[in-house]
Amino acid sequence: MTDSLLAKADDERFSDLFRFDLFWHSPDQPPILTELENGHTITATNVSSYKGVRVWEVPALPGSAVEAQLDQAIAKSSTNRLVIFHDGEKQVWRWPSRISKGGGVTSRPARHVHHVGNPDPRFLAKLDAIRLPNDSLVDVNDLLSRVRAAFDVETKNETKRASKLMAQMYAAVEKGYLAGSNRKKRDHEISVTLARVLFLLFGDDTEMWKAPSGEPVPDLFQDFVKDHTARDGSDIAQRVNELFEVLDTPDAKRGGLAAGLGAFPYVNGGIFQERITLPTLDSDFRDAVLAASAVDWSTISPAIFGSMFQSVRDAQTRRELGEHYTSEANILKTLNPLFLDELRAEFDHILTLQKGRRQKLNDLWKRIGDIRYMDPACGCGNFIIVAYRELRDLELRIMDALATLTDGMQAVALTADWTHTLKVTLDHFYGIEIDEWPARIAETAMFLIDRQCDLKMKERFGVAPERLPIQRAATVVVGNALQTDWQQVCQASQTVVIAGNPPFLGHNTRTAEQSQELRRLWKRDDIGRLDYVTGWYVKAMQYFAGIEGRWALVSTNSIVQGEPVATLFEAVYSRGWKIRFAHRTFAWESEAAGAATVHCVIIGFERAAESGCQLFDYERPDSRPNELSARHINAYLCDGPDVLVEQRRQPMAPDLRSASFGSRPNDGGALIVTPEEYAMISEDQIAAQYLRRFVGSRELLHGQERWCLWLVDAPMAHLSQSPVLRERLLQCRQHRASSKRKATREWADRPHLFDFNSQPSTAFLCVPSVVSEQRDYFTAKRFGPEVVASNLAYSLADDDGLQFGVISSSMFITWQRTIGGRLESRLRFTNTIVWNNFPLPRLDRQQKRKIIEATAGIEEARREDPRSLAEQYEPGMMREGLRVAHETLDKAVDRVFGLRQDKPSEQERQAALFEQYTRMSEPH
């Protein structure tokens with residue numbers, strides 16, 4: 001494939017390359033003719049496009065000046081563009097970029113020069129990076145990320161550099177505070193200061209400052225620090241304090257300003273309203289600010305500010321609040337299917353109409369202007385930032401289309417004043433955040449993304465609104481979202497969209513206070529394994545009570561696994577909500593360095609989601625999503641009916657035996673024998689009679705050896721005659737007698753017995769409590785009654801091998817993956833949820849015989865392989881005999897469920913399982 005890519009590029013078959021090899025779409029723009037100073041013209045031809053990202057080719061290498069002139073002409077119709085200049089021997093691939101140079105910022109495109117006939121592995125890597133999947137559509141921002149990653153190295157470097165410099169500024173301010181300073185006050189003042197500095201740095205690079213003539217004044221803040229503060233930094237705190245005060249003072253109230261301050265405008269908007277006094281700082285802070293001024297902040301998305309500030313934030317505080325700042329790609333997995341894709345599709349459809357386009361465009365424009373967006377766990381504002389940017393981008397495309405209808409492709413302006421024409425405004429966006437630090441960043445970042453959107457509009461139409469002094473702002477409320485009345489933040493209506501990623505705190509990591517919050521919201525004392533995020537589900541349903549709306553939350557994947565599913569989704573279904581879209585388990589990664597990866601799902605809801613639902617699956621947690629065909633998405637994120645699998649004390653299938661935990665010694669190690677101890681214990685002739693293999697999950701899967709002293713039938717004389725047994729029983733008695741648990745102390749007078757004995761009297765099946773999610777089959781094993789199963793595994797009587805056959809089938813592991821709980825991403829077996837609810841139809845004699853015979857084939861194949869079970873079932877390492885034996889078993893079990901085809905898909909098995917479960921669980 002790479003040879004094909006290179007050959008087509010060398011042959012200048014750019015349209016074929018992008019459309020047939022990289023899977024972009026057809027061109028959608030007419031050629032652009034540019035007249036040069038010497039009277040000649042050059043034509044740029046659009047050879048491919050993808051959702052507004054366009055590829056242009058120019059059959060010439062006219063030099064940098066003309067390349068820039070052509071690029072400016074193309075920019076009028078293509079903000080995001082890849083332009084290929086070529087002359088048969090050399091190609092220049094250009095992508096818009098801005099870089100820092102010295103103390104200022106230089107605008108120029110990133111360029112990759114490719115010489116025809118050169119193998120050029122770096123060039124091939126770039127082409128491969130922008131190849132799209134041929135069987136599914138990707139989001140435009142996903143594509144932009146790919147192209148930037150391939151061609152725009154400078155922007156990536158700027159972002160990394162900016163994060164480091166922000167950390168340096170934080171450290172420089174922090175050291176100015178005296179030891180023993182009030183930490184809360186200190187952290188507050190530093191957060192306010194850095195948010196303000198960030199605003200000023202951004203203003204330097206986005207034409208925010210203006211001279212009286214209206215011309216932009218670049219680098220105003222940089223020059224103020226450079227020219228109006230002492231080199232040793234001795235007065236930097238005082239001068240910055242003065243600047244903050246001036247920025248919050250209207251022009252009419254100003255007078256007698258110190259040098260360098262008069263050129264700064266009145267900002268308003270609350271950013272500089274609070275009066276804070278920085279402590280004495282030094283040259284470290286001054287140098288850090290000047291170094292940061294050299295970064296081109298206009299190219300850095302405000303959506304990464306959260307991760308930028310996370311690098312300087314107290315790690316313990318982040319853990320307590322459950323914060324995970326997120327990548328734009330993951331944010332768009334939530335926003336796109338929830339509402340953005342629908343709006344974009346409507347816009348694309350309107351452009352195909354022959355009549356009524358103007359009215360339809362205006363209707364769509366009004367519709368997006370009516371949207372109100374709220375993130376009730378907004379952190380640094382990543383979700384509201386991206387939502388605002390995407391709606392402004394769509395608004396610009398609508399305005400562009402209306403201008404084109406009015407004045408043709410060369411339209412450069414609309415007749416209305418821009419400030420009043422825009423319908424997507426900051427005051428339509430809301431957030432709730434428990435911590436002031438990220439809330440301050442969110443407020444500031446929204447102003448900055450607004451400015452970036454204005455610059456895109458200026459690039460297209462040559463004019464943008466004047467935003468200073470600030471008149472409109474996003475509303476970010478500092479408070480606990482589970483204790484805040486959301487109606488007081490944003491009044492509920494059909495046009496409100498709610499989306500975000502609440503704290504990732506499982507049932508075993510939430511605090512006592514957080515557990516009490518859940519009890520209050522759920523109105524129940526027993527909240528079981530409900531994740532803290534489910535509190536946001538309750539609040540969202542209360543907020544939209546009786547109102548049509550849309551909402552989506554990123555959640556730890558525990559909410560669609562095991563016990564919590566029925567509790568949560570019974571409430572969801574009873575209030576009339578249906579799943580509009582869902583992403584199955586994937587790795588939710590932060591952009592912050594060293595941040596933890598959490599396994600998450602995303603679920604979006606509306607009341608009428610029967611048609612057009614979307615289900616996304618991941619081959620691995622870190623892979624790209626694939627969209628599956630789905631008519632109706634249930635609580636387990638499968639295409640199937642709305643069943644809820646609840647705990648069951650006995651198997652619902654008549655042919656399944658009861659499973660329980662293995663036997664528990666609760667002995668402090670006194671009744672357990674390690675390999676190192678085995679020889680010594682064996683020398684005691686009495687103790688040796690009672691040695692039994694002791695098998696838990698680890699011993700079962702990895703072939704490790706361990707024994708126990710199984711003294712159930714031992715006469716009292718043996719217990720007293722054996723020195724080994726006397727010593728061991730004394731240890732066990734002391735361990736139990738010293739326990740804080742009453743039930744354990746009560747067993748101190750029976751030190752020879754396990755305090756829980758579930759040992760079968762016949763051959764039994766030992767089932768590991770946790771297995772790898774990568775395996776194709778659940779790795780259980782049968783043992784004779786002489787082997788003791790530990791409480792770190794499950795056991796169930798299986799004298800003929802039928803239970804082993806059932807649990808070893810693809811049908812069972814599909815059920816386990818679908819409705820069972822997980823430990824991180826590993827599969828967690830339970831008897832009450834998984835096994836007892838497995839909907840195995842009643843088996844006739846012939847069906848039992850086929851399953852048992854197939855089971856014997858699996859056991860034989862295992863015996864022929866000396867490796868451990870874990871090694872035998874390692875992905876890609878199964879031997880042919882074992883795989884064939886499993887396929888024989890699968891065929892027998894699949895037929896029981898009515899599946900006649902060989903090797904059904906997971907979706908087909910899930911459909912059969914849910915259909916059978918529904919049939920068996922219905923009251924008779």
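Does threonine 744 count as buried or exposed, and at what relative accessibility?

## Basis of the model

This is a predicted model, in which local features need pLDDT of at least 70 and side-chain atom pairs count only at pLDDT 80 or more, while totals for chains, interfaces and linings use all residues. Residues are numbered from 1 along each chain as its sequence is written, and side-chain values use heavy atoms, with hydrogens and water left out.

## Threonine 744

Threonine 744 counts as buried, at 4% relative accessibility (buried means under 20% relative accessible area, with a 1.4 Å probe and protein chains only). Threonine 744 belongs to helix H27, residues 742-745 (helices are DSSP runs of H or I of at least four residues, numbered from the N terminus). Beyond its neighbours within four places in sequence, threonine 744 is in contact with Asn666, Arg736 and Ser739, where contact means heavy atoms within 4.5 Å.

## Helices H13 and H14

Helix H13 (residues 328-352) packs against helix H14 (residues 357-370) at an angle of about 165°, their axes being 9 Å apart (axes are lines fitted to C-alpha atoms over the stretch in contact, and angles run from 0 to 180 degrees between N-to-C directions). H13 and H14 are therefore roughly antiparallel, a term for angles over 145 degrees. The residues making the contact include Phe347 and Ile350 of H13 and Leu361 and Leu364 of H14.

## Helices H29 and H34

For helix H29 (residues 810-819) and helix H34 (residues 906-921), the packing angle is about 80° and the axes are 10 Å apart. That makes H29 roughly perpendicular to H34, the term covering 65 to 115 degrees. Among the residues that meet here are Trp815 in H29 and Phe914 in H34.

How values were computed
Helix = DSSP H or I, 4+ residues; strand = E, 2+ residues; numbered from the N terminus. Parallel < 35°, antiparallel > 145°, perpendicular 65-115°, else oblique. Buried < 20%, exposed > 50% of the residue type's maximum accessible area, 1.4 Å probe, protein only.
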